[in-house]
Amino acid sequence: MAVLTGLMSFTRGHGIRALSITGPNGLFISQAINGVILSAIINEHNYEKLEDEQYEKLLFAFSPIISKIIKITNTTYYTFLGRYTYSGERFVYEPYVDLMKTVTISISKKSVRIVYGENRVRLKRTRKGYTPGKMFETLGYIINRLHGGNA
């Protein structure tokens, strides 16, 4: 499989969680604002509301990852924009945490790894039992939709 790339952003604020993933054939969004949750895939010809709970779980699985990043980097950012790559074996997201500094989040079927300088964190599941495997599977589906033209 070719390596697929695009942009991703995650916002974490009081009462707000927002994830957007951009590919050449569309945009995936998932937002939770004060308990109201919306997920969709959008392209120039179509808007598809996604009602499966896997997208909500993905959104909330990124929240503790971003919390760890905020803690280890001491950043004041609350929106993290960066490039992603997806190879079929690994999803890598490299958001900016400072003007010229990025952190690497690597997600495989077995773990989520966060690397920032000498800091290395490895997560195997969320507190609610959501696994990296499910996260990777959902991300793979979204990325393939955004790159395959089926959005």
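Hi everyone. From the N terminus on, the elements of this chain run β-β-β-β-β-α-β-β-β-β-β-α. That gives two helices and 10 strands, where helices (H or I, at least four residues) and strands (E, at least two) are DSSP runs numbered from the N terminus.

A quick word on what we are looking at. This is a predicted model, in which local features need pLDDT of at least 70 and side-chain atom pairs count only at pLDDT 80 or more, while totals for chains, interfaces and linings use all residues. Residues are numbered from 1 along each chain as its sequence is written, and side-chain values use heavy atoms, with hydrogens and water left out.

Let's begin with the overall form. Along its principal axes, the C-alpha trace spans about 45 × 40 × 35 Å. A compact globule of 151 residues would have a radius of gyration near 15 Å, and the chain has 15 Å, which agrees. That radius is taken over C-alpha atoms, and the globule rule is 2.2 Å times the number of residues to the power 0.38. Buried residues make up 45% of the 151; buried means under 20% relative accessible area, exposed means over 50%, and partly exposed is in between, using a 1.4 Å probe and protein chains only. As for contacts (heavy atoms within 4.5 Å), take those between residues at least 6 apart in sequence: 49% of them join residues at least 24 apart.

Now to the strands. Please find β1, residues 4–13. Which strands does β1 pair with? One is β6, residues 79–86, in the antiparallel sense over eight bridges; the other is β2, residues 16–23, also antiparallel, through seven bridges. Pairing here requires that DSSP finds at least two bridges between the strands. To place yourself on the β6 side, look for L7, whose bridge partner is R83. On the β2 side, R12 stands opposite R17. β1 and β2 form a hairpin with two residues between them, and G15 in that turn has a positive phi of about 75 degrees.

Next stop, the inside. The largest nonpolar core has 37 residues, and I21, F62, F91 and M135 touch the most other members. Such a core is a set of buried Ala, Val, Leu, Ile, Met, Phe, Trp, Tyr and Cys residues joined through side-chain atoms within 4.5 Å. Helix α1 gives the most to this core, with eight residues. Let's zoom in on I21. Is α2 mostly covered or mostly open? It is mostly covered, with 12 of its 17 residues buried. Among them are P132, G133, M135, F136 and H147.

T131 is partly exposed, at 23% relative accessible area. Apart from neighbours within four places in sequence, T131 is in contact with K124 and R125. T131 and I142 are 11 residues apart in sequence and 17 Å apart in space, C-alpha to C-alpha.

Finally, the charged pairs. Side chains of opposite charge can pair when their charged atoms come close. How many salt bridges does a search of the whole structure find? It finds three, counting a side-chain nitrogen of Lys or Arg within 4 Å of a carboxyl oxygen of Asp or Glu.

One of them joins E48 and R145, with the closest N and O atoms 2.7 Å apart. This pair links distant parts of the chain: E48 lies in strand β5 (residues 47–49) and R145 in helix α2, 97 residues apart. E48 is partly exposed, at 28%, whereas R145 counts as buried at 8%.

Another salt bridge is between E53 and K57, at 3.2 Å. E53 and K57 are four residues apart in helix α1 (residues 53–73), so about one helical turn separates them. K57 counts as partly exposed, at 41% relative accessibility.

Then there is E137 with K134, at 3.6 Å from N to O. These two are three residues apart in α2, so they too are separated by about one helical turn. E137 is partly exposed at 48%, and K134 is partly exposed at 39%. In general, an α-helix has 3.6 residues a turn, so residues three or four places apart point the same way.
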